[in-house]
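Here is a short briefing on one protein model.

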Amino acid sequence: MIKGSCHCGAVRYESAGKILRFVNCHCDDCRKISAAACSPVVAVTSKGFAVTQGEDRLVAYESSPGKFRNFCGNCGSHLFARVAAQPKLILIRAGTLDDDPGIKPQAHIWVSAKVAWHDICDDLPQYAEWLPQ
Ligand SMILES: [Zn+2]
Ligand SMILES: [Zn+2]
């Protein structure tokens, strides 16, 4: 079980499901939305995932067709995303976790969109776009 919350504490969630992967995403959408060079994302199974507090405070933004990013309507923290075509998946923004997920990022994705002012300083695999299937 790992738990997370937004900055103001209005929204809390937990995930009891399996962690599928942990990647740093360098895509334009994640960069703009996280206001950071890249966004660490933990993918978990939707089974076992629950918003435990403040569901009514969540605001969903469709950042690309079928991808709904959920924010706290009060403080603006981007907590997680759902993809309509992949209902068994929840994409947690790792920065909102309150617990250690027990694993570290495994790869960099969307490195083709990486900004020039950010250097990747580790030896993790880098992929131009998505992880290879
Ligand atoms: Zn909040
Ligand atoms: Zn991304």
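Rings of Phe, Tyr and Trp, the last by its six-membered ring, count as a pair if their centres lie within 6.5 Å. By that rule, a search of the whole structure gives four aromatic pairs. The structure is a predicted model.

**Aromatic pairs**
- One of the pairs joins Tyr13 and Phe80, with 6.2 Å from centre to centre.
- Their planes stand at 70°, and the pair is edge-to-face; the cut-off for that class is over 60 degrees.
- This pair links distant parts of the chain: Tyr13 is in strand 2 (residues 12-15) and Phe80 is in strand 8 (residues 78-83).
- The two residues are 67 residues apart.
- Tyr13 has a relative accessible area of 1%, so it counts as buried.
- Phe80 is buried as well, at 0%.
- Ring pairs also bring in Phe49, which forms a cluster with Tyr13 and Phe80.

**Zinc site**
- Cys25, Cys27 and Cys30 coordinate the zinc ion (ligand 2) through their SG atoms.
- The distances run from 2.1 to 2.3 Å.
- Along the chain, the donors follow the spacing C-x1-C-x2-C.
- Cys27 and Cys30 are both buried.
- For Cys27 the relative accessible area is 13%, and the cut-off for buried is under 20%.

**Disulfides**
- A disulfide needs two cysteine sulfur atoms within 2.5 Å.
- The count by this rule is zero disulfides.
- Cys121 counts as exposed because its relative accessibility is 75%.

**Largest pocket**
- The volume of the largest pocket is about 510 Å³.
- Its lining holds 21 residues.
- Arg21, Lys67, Leu91, Ile109 and Trp130 lie nearest the centre of the largest pocket.
- Elements that give two or more residues to this lining are strand 3 (19-25), helix 1 (28-34), strand 4 (39-45), strand 7 (67-72) and strand 9 (86-93).
- Strand 9 supplies the largest share, four residues.
- By class, the lining of the largest pocket has 13 nonpolar, three polar and five charged residues.

**Asp123**
- Asp123 sits in the segment after strand 10 (107-109).
- Its relative accessibility is 82%, so Asp123 counts as exposed.
- Asp123 and Ile103 are 20 residues apart along the chain, and their C-alpha atoms are separated by 16 Å.

Definitions and conventions
Residues are numbered from 1 along each chain as its sequence is written. Chains are lettered from A and ligands numbered from 1 in the order in which they are written. This is a predicted model: local features need pLDDT of at least 70, side-chain atom pairs count only at pLDDT 80 or more; totals for chains, interfaces and linings use all residues. Side-chain values use heavy atoms; hydrogens and water are left out. Buried means under 20% relative accessible area, exposed over 50%, partly exposed in between (1.4 Å probe, protein chains only). Donors are N, O and S atoms within 2.8 Å of the metal (3.2 Å for Na, K and Ca); water is not among the atoms, so sites may look incomplete. On a 1 Å grid over the protein atoms alone, a cavity is a set of points where a 1.4 Å probe fits but cannot get out, and a pocket is an open set with protein on both sides within 12 Å along at least five of seven lines; lining residues have an atom within 4 Å of a point. Grid points are joined across faces, edges and corners, and a volume is the space filled by probe spheres set on the points. Ala, Val, Leu, Ile, Met, Phe, Trp, Tyr, Cys and Pro count as nonpolar, Asp, Glu, Lys and Arg as charged, and the others, Gly among them, as polar. Rings of Phe, Tyr and Trp (its six-membered ring) pair if their centres lie within 6.5 Å; planes under 30 degrees apart count as stacked, over 60 as edge-to-face and the rest as tilted.
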